[in-house]
Amino acid sequence: MKLGKKLTGTLAIPVITLLAVWLICSSKGVALFETQLNILTFVRAIANVSLVTFALAINLNSGRFDFSVGSVALLSSVISAKIVLALNLGPVAMLLLSIVFGAIFGLISGAVYVSVKLPPIIVSLAIALFYEGLAFALTGGHGVSFANSANLLSFSTIPNLLIIIVIAVLFMVVVFDHTRFGYEYKALQSGQKVAVNTGIKEIPNALICYTIAGAFMGAQGFISATTNGTIQMSLNFGSISPMFMAFLPMFIGGFIGRFSNDKMGYLLGAVTSALISLLYVRLNVSSSVQQIVSALLLVCFLIYLNNEGVIRGLFVRKERAV
Amino acid sequence: MKTLKRLTALLLVVVMVFSLAACGSKESGGNDSAQTSGPDDSQNVKIGVLVSDVTSAEALAFRAYYEEYIQEQYNVTFMYSDELADAAAEASAIDNFIANNCKAIISFASADRPAQIEQCEQNGVYYAVATGTLTEEQYEQYKGYEHYVGAIGPDLYTEYMAGYNMAKYYLDQGYTKFGMFGGATPYYTEMHIYRAAGMLVAMCEAGNGTYMGANDMGSMIGAIYGAGCQLEPAVIGDVELVGYVAGYDFDDAWFGKLAAVANDPSVEVLLAVGSGQTAFAGFKQANQKLGDIDCYTADSVALMESGTLDYLAGKFSASIGPVFIAVLSAVQGHPIRTEEGNAFAISQGYWVATSAEQAKEYFEVDSSKTEPAYTRAMLDTLYGASYSDLEAFVQKYSFEEIKELAK
């Protein structure tokens, strides 16, 4: 594939979205990036969405739909926040603890899946309920508040969030593109039976995937908690909702992956999603309109992906006619 | 023989007189049992509790009062529903309570109260509304139902005044630039709409202006509904609503909007119709004021102590005590009805704290599992009481008034 086509395919969606968002804001007389807070909102959204997208994509690409990712973020951030508040530790300690606990809970989630051999959707729903209940019990239902802890609230700055994003992308690229685990992961993705026959062990591979996804969700839980100063409890699958923010960037990432690295695609998908979020903020779009627009964008993109051949065919015919 | 006959007749007359007297005294005892007998603790009474929220601080405090205080004091068992999202879930939960031999249901869920009342009436189960009231039309329709006990909670005017008083508190201090969190206003939740209307009317009065052409309670409620419950920032005479956010999306855009309002350098005061501590506490600037309508928790006290929060209108957990004793009284044969024989509808207000000391004092009482605001001794005085006694008791809801009642 030529470099020009690669670049066009990779950057088309985020650039078109940026132009569209900028035009909409300009038509309303609003600057997209007027203050540093707008940049912070944008970067924070990239960090949140990219971490959830990585976590979801790792397992979904292998056919494992994991509904428990939100509950892993919830439980790991609750435990790390409780420890940090009790021992009067700082935000870096909380971030590390969140990642460690996230990895442990992800591993447990994966271990249950490979042990009971039930469909991953069912197992992950059960795990989500269990983790939500555990977080509720640990906090007596009150959640955790650290609105008074300026130290923890001060972490969510542009440089800190950028560092987390860069480390996450590098980790994804190195682990999944340059390690034996990553090659085996790809082999299992393209043909599990053949891969297993060649000696690849699918259970350890799945467990590592769940562990990495859990670690990403631990980091996402930390960012979410230190942004608003509270961790609200969720019950009855209330923790599932963060997962939905990853769908659009994941599909965009899949599309971009055809032209470049799919991990870079997920990141650019997160950038696209963050631009749309910033548009909602700058124009103070009501939540009902926001939900309708987000759903329409997702549906339109899926329609395009599923009918790409037909749509391209239409353009090709037109070109030939000309 | 004659003497014997006379004696026998006399004896029969005496027995008859005593029997009638005994019957008479039994009936009068039934009418006035509050002072004579009090609640019957010999048999356990199961009470179902319908809840639409199980995670908010307010919901947890209410549950703790029932399960950790009332259940320890009375021979009752509370059976809680799951988090009920809609009318179908409420109907299913009521069926479950009836199947489990619940004699009464106390409802904190409001997806379809008329359906709840009808279902309980049909099944002969007592029903009461806690921390809320029916609309006037609903009350007129159901007040005569035998098993509808009544409702105790902030009525919509009380909600309106809670918002009005909070905004006025800051307006009286000379603040003119406000940011507002509208909570569930866009979801057409009346409680939040009325609180928001109260805040806006207070701003209209102080600023000599109008908001969407409205400047009093009636017109403001109409204007809010007319706008599809979607509010916008606006200049209101000399006062300005600089920023407005609502809903509970908990996504990046929602947090971004909250941060944008709180980081606007012109915003002096952040007002919340509810959950202000969750929405704004993480973003609030040091020089800004924050007022909220919620409940008293250890976290809210800590926020008041640190100066993050400086006005809190909160429901107190024991406020659901009177509705419990009215339900128990009805189940045990002593329903409390109005003079016309109808179910009661009594409004109850908030405890307002404007200092950390006040909030701490309120929280200590509110969270006590041995001496809460309404103790058993206080509630027992309402068992089988007259409507006027119940009304007088409930309407003395301020912290100071309750302390007086406890003496």
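pLDDT is the predictor's confidence in each residue, on a scale from 0 to 100. That score matters here, as this is a predicted model. Chain A averages a pLDDT of 92. In chain A, 98% of the residues score at least 70. Helix H4 of chain A (residues 91–116) has the highest mean pLDDT among the elements of that chain, at 97. Helix H15 of chain A (residues 308–321) has the lowest, at 72.

Now look at where the two chains meet. On one side, 30 residues of chain B are in contact with 32 residues of chain A. About 2400 Å² of area is buried between chain B and chain A. Carbon and sulfur atoms give 53% of that area. What about charged pairs across the interface of chain B and chain A: how many salt bridges does the rule find? The count is zero. Polar contacts do turn up: nine residue pairs across the interface of chain B and chain A are in polar contact.

Find Ser277(A) in helix H13 of chain A, residues 262–282. Is Ser277(A) buried or exposed? Buried means under 20% relative accessible area. Ser277(A) has 13% relative accessibility, so Ser277(A) counts as buried. Leaving aside neighbours within four places in sequence, Ser277(A) is in contact with Asp252(B) and Ala253(B).

Next, move to helix H14 of chain B, residues 356–366. Ala356(B), Ala359(B), Tyr362(B) and Asp366(B) are its buried residues. Why do the buried residues of H14(B) line one face of the helix? Seen down the helix axis, they fall within an arc of 130 degrees, so they line one face of H14(B). Turn to the other side of H14(B), and Glu357(B) and Glu364(B) are exposed. What covers the buried residues of H14(B)? The cover includes helices H12 (298–306) and H17 (399–406) of chain B, along with strands S11 (311–315) and S13 (351–353) of chain B.

Asn101(B) sits in the loop between helix H4 (87–99) and strand S3 (104–107) of chain B. Its phi is near 65 degrees, a positive value in a residue other than glycine. Asn101(B) is partly exposed, with a relative accessible area of 46%. Met212(B) lies in the loop between helix H8 (190–207) and helix H9 (217–226) of chain B. Met212(B) is not a glycine, yet it has a positive phi of about 50 degrees. Met212(B) is partly exposed too, with a relative accessible area of 41%.

Finish at Ala234(B), in strand S7 of chain B, residues 234–236. Ala234(B) has a relative accessible area of 24% and is partly exposed. Leaving aside neighbours within four places in sequence, Ala234(B) is in contact with Tyr211(B), Glu240(B) and Leu241(B). Asp82(B) is 152 residues from Ala234(B) along the chain, and their C-alpha atoms are separated by 41 Å.

Notes
Residues numbered from 1 in each chain as written. Chains lettered and ligands numbered in written order. Predicted model: local features only at pLDDT ≥ 70, side-chain atom pairs only at ≥ 80, totals over all residues. Heavy atoms only, no water. Buried < 20%, exposed > 50% of the residue type's maximum accessible area, 1.4 Å probe, protein only. Helix = DSSP H or I, 4+ residues; strand = E, 2+ residues; numbered from the N terminus. Arc of directions from axis to C-beta. Contact = heavy atoms within 4.5 Å. Buried area = accessible area lost by both parts, 1.4 Å probe. Salt bridge = Lys/Arg side-chain N within 4 Å of Asp/Glu carboxyl O. Polar contact = N/O pair within 3.5 Å; in protein donor to acceptor, adjacent residues only side chain to side chain.
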